[in-house]
Amino acid sequence: MSSLRAVFLFLASLSLFSFTGFGFLAYDAWKSRLKLEDKLAQSYNVLSHAQKAFDGDKKVELNFKLQPNFRQKTLTAFEKNRRSRTRLTHLLKTELSFQKYLYQLKPELTRRVQVYWLLAFVFSAVSSLLYFLFLKNSIFKPIFYLNRRMQDFLNNRYSYEFEAPANNELGRLHSAFNQLAQKVLDQIHDLTQLDRAKSEFLSIASHELRTPLTSIKGSLSLLEHGVIGEVNPETKSLLGIAGQETDRLIRLINELLDLAKIEAGQFPLNKKWIPLDQLLKKTKDSLQGLAESAHVKLEFHCNPHIETLIDSDRIQQVITNLASNAIKFSPKDSKVILRVIEENNNIILEVEDSGPGIAPEDQVLIFEKFRQATSEENPLVKGTGLGLAIARAIVEEHGGEISVRSFPGKGSVFLFSLCEWRLSKAIRVSA
Amino acid sequence: MKILMAEDDLNIVTIARMALEKIGKHEVVVVNDGNAALDKILNESFDVVLLDEMMPKLNGREVFAKYLASNKKHNRIIFMSANNRDLDDKPLVFPEVGFIAKPFDPMTLSQQIEAIISGSAHKQEAV
């Protein structure tokens, strides 16, 4: 059947009209039967009056109306003129045969009432049954089936097995769902392809960018350090500049690729339990050169028993970024202090400097890409503008948060939290 | 030290050779593709092999896999690559092997190699 609505209308009208139709017929038959009873009663009346009139000479009171009119007229005429006996006899005869006819009609009418009622019930029962079957098989079954398919799709169990849905309203709904699902799957497929293309691009780009830089950096470094032969001081300083800028370009490429990987969701963390103070010591050692050239003192304070579950290279990258920023912006002979604080189940790493501070309106912006505060006095401030964006991404990948507390003129405190940490075994055992 | 360098980029070869020969005073043998590298690694002995990851014919990983499959373990292999390690889908297990990222600093290349060799020697002692 092509249209559920047509079937529904047919069944609905069948049940409605069969019930009302036969009900009306039954009612009609019942009414005829009542009328017949009425007529019979009248006829008895006529007969008894006529009988009385015929037998005795006393006046008969006609205290009822007779239909059809001729019966009344006959009786009244008989009252007036006792000689019209023939007409009375004739009336009695007709009345008797009329009664006989009515008696014959009575069971016929009774049966008709019964039959019509029965038909009305049978038809409504049959149409209800058809209606029930129709709802069950053509409406609820497809709905449940479609619902199951949708649940399966949501639970990633979509099957490609082909089956043509019925050509009706629910079937069209099912087809629409199939098309929708196919569209979603196609798009997922496209996205997967795109993702793969992106990671291939990242891999190729990093290789193709770093390979020429290897040669440039190598050549400059060999020349600058006089491996090929002594160079005069001016050449050396130019080579130094070229070398520094090459390093900056390498840093920029590394950070751009890091950021691209983070944004592509291809930033796997290699997490391990690591004593935090060891990592800090390593980081401090690597920053010592920069600190000395800026005449800044580094102080790292950490509880030696804290262990954290982190990707140590990445967290070192974050600490290096925060600490080197702090060093770059610190005045000569000041201190950059790193503290580790336990707070609300997290540990917080704070890097404090006594630099110029950050204006409140810039405190959110500095974590965005390519945003950096510039300083004309400080030549060390020459970054890529990506460091803090990467730091934030790394910290967030670890489930932590990064923020800054700063007042212009009073220095800044950059802090980030790490949530997976514990005290080392020695402490846990003694406790 | 006698060093085998498998590298297809001739500029990098020039720089690395200069760095290793002039600064580290090592002896450097160069091959330019994976097949040649595999041939040398299997049949000759070197103190260390610097193996580029992306090479024509046979890439560094394939060379390394074939070397491991050959059951010969007379050469120490150090990978050199311009790709970040963490971009790899499957990190290789590196028995007695190190990794030097490009761009490297030619002034400290010899030191890096020596550090990796002594590091792997320590690891072996520990095992």
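Colleague: At what angle do helix α4 and helix α5 of chain A pack?

Modeller: Bear in mind this is a predicted model, where local features need pLDDT of at least 70 and side-chain atom pairs pLDDT 80 or more, while totals for chains, interfaces and linings use all residues. Numbering starts from 1 along each chain as written, chains are lettered from A and ligands numbered from 1 in written order, and side-chain values use heavy atoms, without hydrogens or water. Helices here are DSSP runs of H or I of at least four residues, strands are E runs of at least two, both numbered from the N terminus. With axes fitted to C-alpha atoms over the stretch in contact and angles running from 0 to 180 degrees between N-to-C directions, α4 (residues 169-224) and α5 (residues 233-263) of chain A have axes 9 Å apart and an angle of about 165°.

Colleague: How do the residues in the contact of α4(A) with α5(A) split by class?

Modeller: Ala, Val, Leu, Ile, Met, Phe, Trp, Tyr, Cys and Pro count as nonpolar, Asp, Glu, Lys and Arg as charged, and the others, Gly among them, as polar. On that basis the contact of α4(A) with α5(A) has 13 nonpolar, five polar and six charged residues.

Colleague: And which residues of α1(B) does α4(A) meet?

Modeller: The axes of α4(A) and α1 (residues 10-23) of chain B come within 9 Å and cross at roughly 35°. Contact means heavy atoms within 4.5 Å. From α4(A), A:Thr211, A:Thr214, A:Ser215, A:Gly218, A:Ser219 and A:Leu222 meet B:Asn11, B:Ile12, B:Ile15, B:Met18, B:Ala19 and B:Ile23.

Colleague: How many salt bridges lie across the interface of chain B and chain A?

Modeller: In that interface, 20 residues of chain B are in contact with 22 residues of chain A. A salt bridge needs a side-chain nitrogen of Lys or Arg within 4 Å of a carboxyl oxygen of Asp or Glu. The whole structure has 20 of them over all chains, but across the interface of chain B and chain A the count is zero.

Colleague: Where is the cis peptide bond in chain B?

Modeller: Most peptide bonds are trans. Look at the loop between β5 (98-101) and α4 (109-126) of chain B, where B:Pro103 is found. With omega about 0°, the cis bond joins B:Lys102 and B:Pro103.
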